[in-house]
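Take a moment with the sequence and the structure before reading on. The paragraphs below start where the chains meet and then turn to single residues.

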Amino acid sequence: MRALLRRLGVYLLAAWVALTVSFLLPRVVPGNPVAGAVARASQSGNCNSQCVEAIEAQLGFNVHTSLWDQYVQYWGNLGHGNLGQSWSENASVSSLIISYLPWTLGLLLIATAVSFIAGTAVGVLMAWRRGSWLDWVLPVATFFSALPYFFLALVLVLILGKTGTMLKVFPSLFGYDIYGVTPGLNGPYIASIIGHAILPAVTVVLASTAGFILAMRNNMITTMDEDFVLVAQAKGLPAKWVIWYAARNALLPVVANFTVAISLVVAGQILVEIVFNYPGIGFHLYDALGKLDYSLVQGIFVVITLVVLAANLLADVVYVLIDPRARQMA
Amino acid sequence: MTINSTSLTVIPPVAGPTPELVLRRTRILRLPRSPKVIAGLVILVLFGLLAIIGRWIAPYSPNATDQQHWVQHVLVPGTGAATGFPASYYPLPLPPSAAHWLGTTVFAQDVWSQLLAATQATVVVGLLAAAIATVLSVLFGVTAGYLGGGADEGLSLIANVFLAIPGLPLLIVLADYVPSAGSSVVLVASIIAVTTWAYTSRTLRAQTLSLRNRDFVEASRVMGEGRLRIILVEVLPNLVPIVAASFLFTALSAIGAYVAIAFLGLAGSPTSSPPGLWNWGEMLREGFANNAVRGGWWWWWAPPGLCIALLGTGLALLNFGIDEFINPRLRTAGLSRKTARKAGIGTRPKLGMTPVAHHPPVAVASVRTVAEASRLRDTAEPVLEIRGLSVDYGYDEEAVHAVVDCDLVLRRGQVLGLAGESGSGKTTLALAAIRLLRAPALISAGQVLFHSKPISGDGPAGTIDMLSATDDQLRAIRWSEIAVVLQSSLNALNPVITIGAQFDDLLRVHRPALAESARWARSGALLDMVGMNADRLRSYPHELSGGMRQRAMIAMAIALEPQVMILDEPTTALDVVTQREILQELIGLRDRIGFATLFITHDLSLLVELADEIAVMYAGRLMERAPATSLFHAPRLPYTYALLHCFPPMHGPRVPMEGLKGSPPDMRDLPPGCAFHPRCQWALPRCRQEVPRLAPLNGSPREVACWLHREGTTVPPELAQPEPASMRPRRPETVGQAGGT
């Protein structure tokens, strides 16, 4: 339990740092961000007086209390789940985020699960069948791992998306058919959601699988050189068992480094949502950035951070479950 | 941008058994010359060049617009003469043409010129951010790893916190509050660096941690060198490959991050004030924002995207090269068709089955001598016969001949000792016999016959040609008839499953008739036989001591009552007392089960107590073979003589000890003639030219490969001691007790 508590401590600290950064940034950034923000906003002509006030409030102007008092108040608000008010949507940030979150989490969960499983399996196969045609996966995967998610999204829209110009197979705008179906527990709505999730999910899967493939292949090759794999072969175990033994061990570092993977997938998905106008947290972050809705931007930043930290904690728990050595120390 | 291979891969610690690393030597990064590395370098150089000269070779200014000539104007539907509305036009980008290689944007700008201008900022920001991040991670990682203690705790905590906070969202928030960031390469690179340094810092810390306890660093510390000096002179040079890999990885992430924030419109627009920089992300943003995808204007947004992917691929390929340098195991890829055909094997070696070259088998039996034949008659029957076995590592010209033309006969119930320095090919020879060697090993010649008479179970009986046996045949023989105990029992047991499960799997495979409870009971009984509590079945390997793990391994090895036991330095990693106990255990088990033993060790004095016969290997060849006592008391080979005089004898008269001069030969570059001649005090001119073959020594049951013992030479008195009286080695007295417990 101790190791897990330590990790929990790190995540709590990370959460504190993220929240504090989000509090301090608008208040300590040099210059007058309000003027800058308003100027930028006026250029594009979409910042009304309400917007200016909101920016000022958010940036801590017209607030005649000390920084410390503001900080205490900030935490008090957070404690009540109050992330401030979004002027552009005219709703509380937390309620907005709660409405965005299912879209993002659903997509993230499915896409990550698929790419993790597929990537790991292909990586194992590649290490097992070295010298076969599977070796060609290596350069292809390398190329895919270097593709920016949003560029891949654009390419898929072009080729497969209904808003593209080529095959026009899958819907490529919004989370569901906003004109054709009524949200609720009905068949057409659910079918529409699934249809609209295909291209974003395929994008995230294609872009993130490559990383898992490469990582698993390398770990697998390293593991297969271990003595215990040699012993498994000397024991006359069937090849599949031997591979399973190696894969089970090769998986450990992949799970241990899930932190990096999940951060990258989340970052990628934010941009993918933008391309598809997918109504998740990433698209609304982009939207809020454009509208200079600072409360919403910061609220989303805080929530993404918390989601990623939770995923990390989960990965740590899984690691402890699959590695008896960690279990002993934990 | 996604996970780079290094990010999820464990880099094996620098500390390790690889001998070259143990030396106090700076590891200079030498990239393997593979197509991958070359392709990566070419891509990087290309983009580097474009980044430098792009400005000058660009045909137009990236911002220049020429509405007159560069744009098609399309009438907006519903306007124009017939509609009553004034005609209004919207511009349409031009597809690629001779004037505009990559067409134009909707703002009538030349895409090729934009792409060239954008290359500079993108590459510079990527490299600068990577440089800053690498400096940060070296500072944090190396300091934390080297200092340890509280400093390590603190610095690692900072790195872990940064690692846990997702990079891009933090970057977005930071960039959002620094609106001028887009116009300054340094500013934007610094912001990116802050969000990307943590991962590599953690890697560097781990590596430093493993380096700081190494001998050469310890030595510098003892010599009183300052911390900074040790870090700079001893630690850092050894981290070069990892720092380089980190740099490339960070450059890849930094370019991805820069492009991402530019795509979000946070890196400033090149046309606003202050102007942001043209970069690939900005081009993609403009294309996306202006419906270039819907319009089908692929030439606008596809080139920058492909450039990112290509540059990223270049960085990743180069990183592969470094990965392969750090971890050479990744390098031995499959065989090319040509190499495989030349070597006479399939292109895809099967896992766990050493390939055998399909050359005609070397004729063997006929060359065997009269002495051999007579010995065959009056000693026990052979169980494992190795004839003229040769093993290569690698193929073609690069092949290292690890074992050359070796003959060994293991007889039923006997102990055959195989001795020699490390690297002499002992293990290779033994594992080749059961075809357990891994790629790139290749059995290039010889024959291995296994005369099977199963002690228990329904294993295969009769003579089996191991080198032409099928996978299934081999699997049936392995462990059930020929078991192996390796030196390091820590690594020999699967760390993530219990000891019980590791007994269970082999019983399930070889004794399918046994029920689960019966398998468990049998496993417990086996542990009991080696003096362990049956409860230990529930333990994981890391919960046992080294001695217990080795006992468990031995219990596993006898589980199926094999006819042959290959013991590869089974006690070397253990302390002296445990060594003794385990040897006694083994002898007791052998007496009870009656397996033949191939005992591999570098410790001749250990063998003389155990072995019936001893064979000595040097540089891949068998050099002397004799009954154990004869070899021990009257060695004929200079190498054996030297080996024997490395270890002080327990009893008998005092003899001056001499170490073995020189170092073991480099198998890739063996001296001509007898491989031992450079270290031999009696070397003759002939020894430098001709390789001596193993030949019987005037009628005695021993053989030696040494020119000193051929006619016409005077044998030095040290190598001509009289044969000892007793030809049978005596076993330790305790054997009987060990068997009885």
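How many residues of chain B are in contact with chain A? The answer is 91, and they meet 103 residues of chain A; contact means heavy atoms within 4.5 Å. This is a predicted model, in which local features need pLDDT of at least 70 and side-chain atom pairs count only at pLDDT 80 or more, while totals for chains, interfaces and linings use all residues. Residues are numbered from 1 along each chain as its sequence is written, chains are lettered from A and ligands numbered from 1 in the order in which they are written, and side-chain values use heavy atoms, with hydrogens and water left out.

Start with the interface. The size of an interface is often given as the accessible area lost when the parts come together. Here about 8,800 Å² is buried between chain B and chain A. That is the accessible area (1.4 Å probe) that the two parts lose on being put together, summed over both. Carbon and sulfur atoms give 70% of this area.

Three salt bridges are counted between chain B and chain A; each is a side-chain nitrogen of Lys or Arg within 4 Å of a carboxyl oxygen of Asp or Glu. R438(B) and D225(A) form a salt bridge through their side chains, at 3.9 Å from N to O. Helix α14 (residues 298–326) of chain B gives the most to the side of chain B that touches chain A, with 14 residues. Helices here are DSSP runs (H or I, at least four residues), numbered from the N terminus.

Look next at K235(A). It sits in the loop between α9 (227–234) and α10 (239–256) of chain A. Is K235(A) buried or exposed? K235(A) counts as buried because its relative accessibility is 2%; buried means under 20% relative accessible area, exposed over 50%, partly exposed in between (1.4 Å probe, protein chains only). Its side chain reaches the backbone oxygen of Q502(B) at 2.7 Å. K235(A) also touches other residues of chain B, including R478(B), W479(B), D505(B) and H510(B).

Helix α12 (residues 281–290) of chain A is mostly covered, with seven of its 10 residues buried. Among them are F283(A), H284(A) and L285(A). The buried residues pack against α5 (93–128), α11 (258–276) and α13 (294–322) of chain A, together with α7 (167–177) of chain B. After α12(A) comes L292(A), with a positive phi near 55°.

Inside chain B, T250(B) lies in helix α11 (residues 227–263). T250(B) is buried, at 2% relative accessible area. Leaving aside residues up to four places away in sequence, T250(B) touches A130(B), A133(B), T196(B) and T200(B). By contrast, G149(B) in helix α6 (residues 149–164) of chain B is exposed, at 53%.

Finally, the cysteines. The count is zero disulfides over all chains, a disulfide being a pair of cysteine sulfur atoms within 2.5 Å. C406(B) is buried, at 0% relative accessibility. Its nearest cysteine sulfur, that of C674(B), is 14 Å away.

Key: Helix = DSSP H or I, 4+ residues; strand = E, 2+ residues; numbered from the N terminus. Polar contact = N/O pair within 3.5 Å; in protein donor to acceptor, adjacent residues only side chain to side chain.
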